[in-house]
Amino acid sequence: MMTMQGKILRSKFTQSKLWNQYPVQVFPIQDIFISVPKTDVLRGKPFYKLLLEDIERDGLHFPILVADPTRSELRKKKKQYKKRMSDLPEWNDGLDENMQRQWTVWGGSQRIRVAKDLGYTHIDCAIIPTLDEARTLQGKMRAPFTQRYY
């Protein structure tokens, strides 16, 4: 779908029992920190290319999960997850990192990369209160779709 904002990747299943309690909004991809490095191969099998083909063919099934942790919270998560988490953005603005927040994808890092690679500028995002809650929701979201890339 094209709008004055840009090309938006909308999800098919925003109105489900799982998502009804979380607002779903369209965010500019450039405003979201992608928290996990690109995964070309997952558990020894090709992944990213197949995900791209799946989304190109069938669209985005679920919104990506985003939270808005403080910069300080992100630093703690980076210390916890080390190389499994992407390098943090550079913040040279002198602002208090306990007050400043950063929209962060914590469920859908590969899907947002695919969206960007397919030329989308905006994507549906379910706004989750915390990173820990988003992590829990990832498993619930994936459970019925073990054979799909969604």
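**Rings, charges and the fold around them**

K38 lies over the face of Y48, 4.1 Å from the ring centre. A charge counts as sitting over a ring if NZ of Lys or CZ of Arg is within 6 Å of the ring centre and within 35 degrees of the ring normal.

A word on the source. This is a predicted model, in which local features need pLDDT of at least 70 and side-chain atom pairs count only at pLDDT 80 or more, while totals for chains, interfaces and linings use all residues. Residues are numbered from 1 along each chain as its sequence is written, and side-chain values use heavy atoms, with hydrogens and water left out.

Now step back to the whole chain. The protein has four helices and eight strands. Helices (H or I, at least four residues) and strands (E, at least two) are DSSP runs, numbered from the N terminus. Read from the N terminus, the order is β-β-β-β-β-α-β-α-β-α-β-α.

How much of the protein is buried? Of its 150 residues, 45% are buried. Buried means under 20% relative accessible area, exposed means over 50%, and partly exposed lies in between (1.4 Å probe, protein chains only). The protein exposes about 9000 Å², and carbon and sulfur atoms supply 51% of that area. These areas come from the Shrake-Rupley method with a 1.4 Å probe; for residues, only the protein chains shown count as cover.

Next, look at contacts, meaning heavy atoms within 4.5 Å. Take those with a separation of 6 or more: residues 24 or more positions apart account for 86% of them.

The structure also holds two aromatic pairs. Rings of Phe, Tyr and Trp (its six-membered ring) pair if their centres lie within 6.5 Å; planes under 30 degrees apart are stacked, over 60 edge-to-face, and the rest tilted. F27 and W103 form an edge-to-face pair, because their planes stand at 80°, with ring centres 4.7 Å apart. F27 is in strand β2 (residues 24-28), and W103 is in the loop between α2 (71-81) and β7 (104-105), 76 residues apart. F27 is buried, at 6% relative accessible area. W103 is partly exposed, at 27%.

Y81 and W106 also pair edge-to-face, with 5.8 Å between centres and 65° between planes. Y81 lies in helix α2 and W106 in the loop between β7 and α3 (109-117), so the pair ties together parts 25 residues apart in sequence. Y81 is buried, with a relative accessible area of 13%. W106 is buried too, at 7%.
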